[in-house]
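Subject: Structure for you to look at

Hi,

Here is the structure I promised, with my notes below it. Please open it and follow along as you read.

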Amino acid sequence: MVNDRRPDDMVRITTPELADAFIEEQISALREQIGNKKVLLALSGGVDSSVVAALLIKAVGQQLVCVHVNHGLLRKGEPEQVIEVFKNQMKANLIYVDATDRFLDKLAGVTDPETKRKIIGGEFIDVFAEEAGKLDGIEFLAQGTIWPDILESEAGIKAHHNAGGLPEDMKFELVEPVKILFKDEVRVVGERLGLPANMVYRQPFPGPGLGVRCPGAITRDRLEAVRESDAILREEFAKNGLEGKVWQYFTVVPDFKSTGVKDGKRTFDWPCIIRAINTTDVMEVTVEHLSDELIDHLVQRIITEVPGINRVLIDYTPKPPATVEYE
Ligand code: XMP
């Protein structure tokens, strides 16, 4: 019997034993619900969809079809990790769609942040629906809905981002195996399912991805500068024990250039902004103060390794007044 709502007396899943018990319970519930039918899942590589995928692979194996849409706005190494973990290690039935050109072509010249978000969200649904249309006999759609999503949509705080969104004619029964869990519980369960720690404990990442960190009209070269500088920042945070300690950290490459000098020649390149923040609810945010040594090292790496960057800035603004993301 699957619980539709989190029981009031449910013990918080904080230990491997509690996670194992939850996993066992879900596996039999999933097998009962799905039988010998097929299930479709949009696997982004985020914590929730990854844990749902791992649970379903355990429960129904090849009856699960995962679709990973690379919209070209993912962080460095993310699509590769999804393929490595789910296809190579867990032997999942995974369809990888590189839709980079399609997304970036649609986004070309678009400067308005909300229009960018709409294009990314809309195109994602189109690509996913197209892939689903190529498959036969799918009856279920799995989603990484978690308990706070349900509470927030009930309270009218935000539209339930997992539900809805799909075209009307896609009629599936929903499979939501982590919908009674809080985020921290999803992570414990994910670890027990054998997912890598950097996948289970990763920082929040917006759905529109690096698109909102490349303010204004996205160009491939500036997007690449965001991706490369973000990879350097993540690498240095991990090396310096800040991974898993700082809530969210990333780089932004704004759409303006300034003068610089390199090898005796004038340059005219973008700045790269570093933002690292801490929070509990993202309504109010404080900044993480970095050591001078780390700042110097980050500046050196970014200006030497990232093409198109000649200046590094640090954003030490709390929220309010500044939001976490730049658009
Ligand atoms: P802001 O910028 O509103 O961000 O202070 C608060 C948190 O939400 C994330 N964020 C998003 N997540 N889709 C998402 O899935 C979005 O469009 C989006 N915009 C912001 C942001 O990264 C931060 O954690």
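Which residues are around the ligand? They are R117, P204, P206, G207, P208, Q248, V282, K319, T323, V324 and E325. By class, that shell has five nonpolar, three polar and three charged residues. Keep in mind that this is a predicted model.

**Two residues of the shell**

Start with V282. V282 lies in the loop between β8 (265-279) and β9 (285-287). Is V282 buried, exposed or partly exposed? V282 has 13 C-beta neighbours inside 10 Å, so it counts as partly exposed. The cut-off for exposed is 12 or fewer, and buried starts at 20. The backbone of V282 deserves a look too. Its phi is near 55°, a positive value in a residue other than glycine. Most residues other than glycine have a negative phi, and most peptide bonds are trans.

Now go to K319. The peptide bond from K319 to P320 is cis, with omega near -10°. The bond from P320 to P321 is cis as well, with omega near 10°. Where do these prolines sit? P320 is in the segment after β10 (309-314). P321 is also placed in the segment after β10.

**Two domains**

The protein is divided into domain 1 (16-200) and domain 2 (209-314). Their C-alpha centres lie 28 Å apart. How many residues does the contact take from each domain? It takes 13 from domain 1 and twelve from domain 2. On the domain 1 side, α4 (100-107) and α5 (113-133) each supply at least two residues. The largest share of that side, three residues, comes from α5. By class, the side of domain 1 that touches domain 2 has seven nonpolar, three polar and three charged residues.

**Helix α3 and what follows**

α3 covers residues 78-89. Check its length. At 1.5 Å a residue, its twelve residues should span 16 Å. The end C-alpha atoms are 15 Å apart, which agrees.

Which residues of α3 are buried? They are E78, P79, V82, V85 and F86. Seen down the axis of α3, these buried residues fall within an arc of 145°, so they line one face of the helix. An α-helix has 3.6 residues a turn, so residues three or four places apart point the same way. The buried residues of α3 pack against α2 (47-60), β2 (64-70), β3 and α8 (197-200). The face of α3 turned away from its buried side carries the exposed residues E80, N88 and Q89.

K91 follows α3. It is found in the loop between α3 and β3 (93-98). Is K91 buried or exposed? It has 11 C-beta neighbours inside 10 Å, so it counts as exposed. For a sense of scale, compare K91 with T280. They are 189 residues apart along the chain, and their C-alpha atoms are separated by 36 Å.

**Helix α2 and strand β2**

α2 is one of the elements that α3 packs against. It is mostly covered: 13 of its 14 residues are buried. At 1.5 Å a residue, its 14 residues should span 20 Å, and its end C-alpha atoms are 20 Å apart, which agrees. α2 is followed by G61, whose phi is positive, near 50°.

L64 is found in strand β2. It is buried, because 27 other C-beta atoms lie within 10 Å. What does L64 touch? Not counting residues up to four places away in sequence, it touches V39, L41, L56, I57, A92 and N93. L64 and R227 are 163 residues apart along the chain. Their C-alpha atoms are separated by 31 Å.

**One more loop residue**

F172 is in the loop between α6 (147-154) and β5 (173-175). With 15 other C-beta atoms within 10 Å, F172 is partly exposed. Leaving out residues up to four places away in sequence, F172 touches I138, E139, F140 and L141. Look at L141 in particular. It is 31 residues from F172 along the chain, yet their C-alpha atoms are separated by 5.6 Å.

Best wishes

Note on methods:
Residues numbered from 1 in each chain as written. Predicted model: local features only at pLDDT ≥ 70, side-chain atom pairs only at ≥ 80, totals over all residues. Helix = DSSP H or I, 4+ residues; strand = E, 2+ residues; numbered from the N terminus. Near = placed C-beta within 6 Å. Nonpolar A, V, L, I, M, F, W, Y, C, P; charged D, E, K, R; others polar. Expected span 1.5 Å × (residues − 1). Arc of directions from axis to C-beta. Contact = placed C-beta atoms within 7 Å. Domains from an automatic or database assignment.
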